[in-house]
Amino acid sequence: MKISLMLAAVLALSANLAAAAISVVDDTGRPRLLARPAARVISMAPHVTELVFAAGGGARIVGAMNHSDYPAQARRIPLVGSNSQIDLERVVALKPDLLIVWQSGNTARQIAQLQGLGIPVFYSEPRSFDAVESSLRRFGQLLGTEERAGAAAARFHAEVAGLRSRHAGRPPVTVFYQAWDAPLYTLNGEHIASEAIRLCGGRNIFADLKTIAPQVELEAVVASDPEAIVGGKRYTPQDRGLSIWSPYRGMTAVRRDNLFTLDEELLTRPGPRVVEGPRPCARAWRRRVHAAARPL
């Protein structure tokens, strides 16, 4: 009788533990299991840091990678490395119960090292607006902050829907996104920046290229004659930025002064602020495009 009661208690406890376990599918398509909501998280990418904060779990981040600079509180988080090197001893010393990695930003060697620590690893690779919304909800599950994460996801969804409806039916403005000037790099249609440009009424002229961050020839951009050119901020005095286009006064974008510099993190970092990226440019380029189209 006693053995039966003990067995029943063990089975009940096992059932309760199974019910309490958290299973969340990451961006590799595989479920990741946690025994309980994560309390000590290390973020291995800036976009992860931003998403975790937005999902209500910022206070649980005990370590982060370099460039984790948003929101302001993120700048006070101890760093565990960069995209070139990770301090594994520091990772272990911080006693995390969850590592959130970025397959495109963390090297295969780094990820293998992290997996070897025996700490649960969750892969984050959002490449679309829908994936950002989904990431917010899934991070809420991982952290036990579903209510705040759900509210953040709902706000993001509403902002995206507003952009889609605002620009629906309008002819798109052709846009070249300049990721770097020497050599000249852009982003293709698989990158979230391309969707951001599209949602704000633009069309990425190199969306069909196969490489996600392809190098392009200056002559190819000139031949495509985009109506607008968007580039990121200059990091050093040696960066020429959008000034490389000043000699090409015959280009539509140059002739209409549709050359826009913005904080590229608002366009390329797959977090909640990505909806803010090209909005200022979109308002200006549409005014100038429409003004140019009106008869004199």
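Among contacts in the chain between residues at least 6 apart in sequence, what percentage join residues at least 24 apart? The share is 62%, where contact means that heavy atoms lie within 4.5 Å. The model is a predicted one, in which local features need pLDDT of at least 70 and side-chain atom pairs count only at pLDDT 80 or more, while totals for chains, interfaces and linings use all residues. Residues are numbered from 1 along each chain as its sequence is written, and side-chain values use heavy atoms, with hydrogens and water left out.

The secondary structure of the chain comes to 11 helices and 13 strands; helices (H or I, at least four residues) and strands (E, at least two) are DSSP runs, numbered from the N terminus. Of the 296 residues in the chain, 47% are buried, a term that stands for under 20% relative accessible area, with exposed meaning over 50% and partly exposed what falls in between (1.4 Å probe, protein chains only). The accessible surface of the chain is about 15,200 Å², and 56% of that surface belongs to carbon and sulfur atoms; the areas come from the Shrake-Rupley method with a 1.4 Å probe, and for residues only the protein chains shown count as cover.

Strand β1 (residues 22-25) and strand β2 (residues 31-34) run antiparallel and are joined by four bridges, two strands being taken as paired if DSSP finds at least two bridges between them. Within this pair, S23 stands opposite L33 of β2. The two strands form a hairpin with five residues between them, and in the turn G29 has a positive phi of about 90 degrees.

Further along, helix α2 (residues 46-54) holds T49, a residue that is buried with a relative accessible area of 0%. Its side chain is joined to that of S68 by a polar contact of 3.0 Å, which is to say a pair of N or O atoms within 3.5 Å, where within protein one must be able to donate a hydrogen and the other to accept it, and where residues adjacent in sequence count only if both atoms are side-chain atoms. Leaving aside neighbours within four places in sequence, T49 is in contact with S43, I61, A64, S68, Y70, A74 and I77.

L99, in strand β6 (residues 98-101), is likewise buried, with a relative accessible area of 0%. Not counting residues up to four places away in sequence, L99 touches I42, V91, L114, I119, P120, V121 and F122.

In soluble globular proteins, nonpolar side chains tend to be buried together. F156 touches F129, V132, E133, L136, G271, P272, V274 and V275, again without residues up to four places away in sequence.

Helix α5 (residues 129-143) has 15 residues and reaches 21 Å from its first C-alpha to its last, close to the 21 Å expected at 1.5 Å a residue, the expected span being 1.5 Å times one less than the number of residues. This helix is mostly covered, with 11 of its 15 residues buried, among them F129, V132, E133, L136 and F139. Just after α5, G144 takes a positive phi of about 75 degrees.

Helix α7 (residues 192-199) is also mostly covered, seven of its eight residues being buried. The cover over those buried residues includes α5, α6 (146-167), β8 (173-178), β11 (202-204) and α10 (265-268). After α7 comes G201, whose phi is positive, near 90 degrees.

In β8, six of its six residues are buried: V173, V175 and Y177 point one way, and T174, F176 and Q178 the other way. In a regular strand the side chains alternate between the two faces of the sheet. β8 pairs with β11 in the parallel sense over three bridges, with T174 opposite R203. Four bridges join β8 to strand β12 (residues 228-232), which also runs parallel to it, and there the bridge partner of V175 is A228.
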